[in-house]
Amino acid sequence: MALSQRYRLLAPIALVGVASLALAGCAEGGGDEGGETKDTVRISGGITGVEADDLNASFEQFTKDTGIKVEYTGDKGFEGNIVTKVTGGDAPDIAIVPQPGLLKTLVDTGKVMPAPEAVESAVDENWSEDWKKYGTFDDTFYAAPMLANLKGYVWYSPKQFAEWGVEVPETWDDMIALTDTIVEKTGGPAWCAGFASEAASGWPGTDWIEDLVLRQSGPDVYDDWVAGDVKFTDPEIKQAFDAVGEILLNPDYVNAGYGDVKSINSTAFGDVANAVAKGDCALTHQASFLSANFLDTETADGNVPEVAPDGDVYAFIMPGETAGELQVEGGGEFVAAFSDDEATQQVLEFMASPEFADARVELGGVISANKNADPSLASSEFLQEAMTIMQDDATTFRFDASDLMPSTVGSGSFWKGMVDWIDGKDTDTVLSDIQAGYEN
C-alpha cells in the first residue's frame with residue numbers, strides 16, 4: 001500500500017519527534033501519564049472476529065511509517081456499553097460508531113472532539129456531502145465515515161434464472177411479474193425472508209419499507225420522514241407498507257423453505273442465504289453483507305456457492321417504479337474521537353484517507369464509499385459493483401432511516417411494528433403504534 005505524500009512526509013517527522021520527547025523525558029499535549037509520549041492509539045467498536053483482525057491489519061503500514069501503534073478492540077455489546085464508558089471516564093481514544101443516532105447521543109455527552117481541520121478537508125475531498133452530513137451536528141463536524149454497506153439487494157440464483165428463462169427485473173412491476181412466473185414454474189413461494197435477530201428482531205423488515213419509501217416517494221419525502229415531519233400514519237408511508245405487503249403478506253409468495261407468512265418472524269435473518277444457496281428459495285431481500293453468509297452455506301451439490309453473475313448466487317438492486325433510476329439506502333460506520341493528542345489526530349486523518357480504505361477493502365469482505373478508493377481491490381465482483389454504485393455521483397444514497405430516527409422509534413417501535421405486522425396486526429394499527437414511539 002502506498003501512503004499519500006502527506007504521510008510519507010509526516011512519518012520521519014513523527015519518529016524524530018517521538019525520539020526527541022522521549023530523551024527529554026516529557027510530552028506536550030496528548031501525552032500519557034508519567035511523561036512518556038503517546039505512541040499507542042486505542043480504538044473500540046462493535047466489529048468482532050475476523051473483521052476485527054482485518055481492521056487491525058489495515059494499520060500495519062501506517063504504523064511502520066509513523067511509529068504509532070493502533071490497537072482496535074471489538075465489543076459485541078458496544079452499542080449498549082459505549083455511552084456508559086464515555087460518561088464514566090473510560091472512553092477509548094477513538095470509537096467506530098455504526099449509527100448516526102448513537103453518534104448524536106455520544107456528541108450530546110460533550111466528550112466527542114470536533115474533527116480536526118485536516119480530517120474535515122479529507123472528508124470534503126473523499127466523500128459526498130450526504131456522508132459528511134451524517135457526522136455533523138449543530139453545524140459542527142465530528143466524525144468521518146469509515147466503511148459502508150449497500151442495502152436493497154435481491155439475491156437470486158443466475159443458474160435458476162437461466163433454467164426458467166427469466167431475467168433480472170427493471171421495475172417494481174417487472175419484479176412482481178417475475179415472482180408470479182417463478183411461482184407458476186415451481187409450484188411454491190418465490191421469496192424467503194427472516195426477521196429474527198434476538199433483541200433486534202424486525203430490523204430486516206424496516207429495510208424493506210425504507211427501500212420502498214425512497215423508490216416510490218423520493219429522497220425529499222424520505223428525509224422528511226427521518227426528520228419526523230412525515231409521519232408513519234401519512235399516505236406516503238402506508239403506500240410503502242402496502243407495496244411490501246404485496247410480497248411479505250402473501251402466502252403464495254412467502255416463505256419458501258420455512259413455512260407460512262408468520263414463519264418470517266421465527267426465521268433468522270442470515271439463514272435465508274442457505275435456502276437460496278440450496279435452491280429452495282428463489283428470491284430474498286438483504287444487504288450487500290449477505291455475500292459473506294454464503295461462505296458458510298452449501299449448494300444442493302454440497303459445494304460452497306459461487307457468488308457471480310453466472311454463478312450459483314448473485315444479487316440485483318431492488319428496482320423502483322421507473323427503470324434506470326438508482327435510489328439506494330445503506331449503512332456504515334463513523335469515526336469519533338475522545339482524545340485530541342497528535343497521535344490520535346494522525347490516526348483520524350489516515351482513517352479518512354483513500355489509503356486506509358484501500359488497505360481494508362483489499363483484505364476482503366467490505367466496501368467503502370470513499371470516492372477516491374479503488375473498487376477493483378474489493379474481494380469479489382459483487383463487492384466491486386456495490387462499491388462502484390456507492391461512489392457514483394449519479395446514485396441517490398440515503399442512510400438507513402431507522403438508524404437515523406430516535407431510538408424509541410428506529411430501534412424500538414419500528415422494529416416491533418414490523419414483527420406485529422407479520423404476525424397479522426392490521427397496517428393502520430401498526431403505523432399508529434410505530435408513530436407512538438415518538439411520544440416515549
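Predicted model: local features only at pLDDT ≥ 70, side-chain atom pairs only at ≥ 80, totals over all residues.
A cavity is a set of grid points where a 1.4 Å probe fits but cannot get out, and its volume is the space filled by probe spheres set on those points.

Figure 1. The structure holds one cavity of 30 Å³ or more. The volume of the largest cavity is about 50 Å³. Its lining consists of Cys192, Ala193, Gly194, Phe195, Pro204, Trp208, Phe269, Val272, Thr284, His285 and Gln286. Helix H10 and strand S8 (284–286) are the elements that give two or more residues to this lining, and S8 gives the most, with three. Seven of the lining residues are nonpolar and four are polar, with no charged residue present.

Figure 2. A bend of about 125° occurs at Gly218, and the proline Pro219 follows within four residues. Of the 25 residues in H10, 20 are buried, and the helix is thus mostly covered. Just after H10, Gly228 adopts a positive phi of about 90°.

**Figure 3. Strand S9 (residues 314–317) and its pairing with strand S7 (residues 153–156).** S7 and S9 run antiparallel and are joined by four bridges. Tyr156 has Tyr314 of S9 as its bridge partner. In a regular strand, side chains alternate between the two faces of the sheet. Both faces of S9 are covered: Tyr314 and Phe316 are buried on one side, and Ala315 and Ile317 are buried on the other.

Key: Residues numbered from 1 in each chain as written. Heavy atoms only, no water. Bend = angle between axes of the 7 residues up to and from the residue. Buried < 20%, exposed > 50% of the residue type's maximum accessible area, 1.4 Å probe, protein only. Pairing = 2+ DSSP bridges. 1 Å grid on protein atoms, 1.4 Å probe; cavity = no way out; pocket = protein on both sides within 12 Å on 5 of 7 lines; lining within 4 Å. Nonpolar A, V, L, I, M, F, W, Y, C, P; charged D, E, K, R; others polar.
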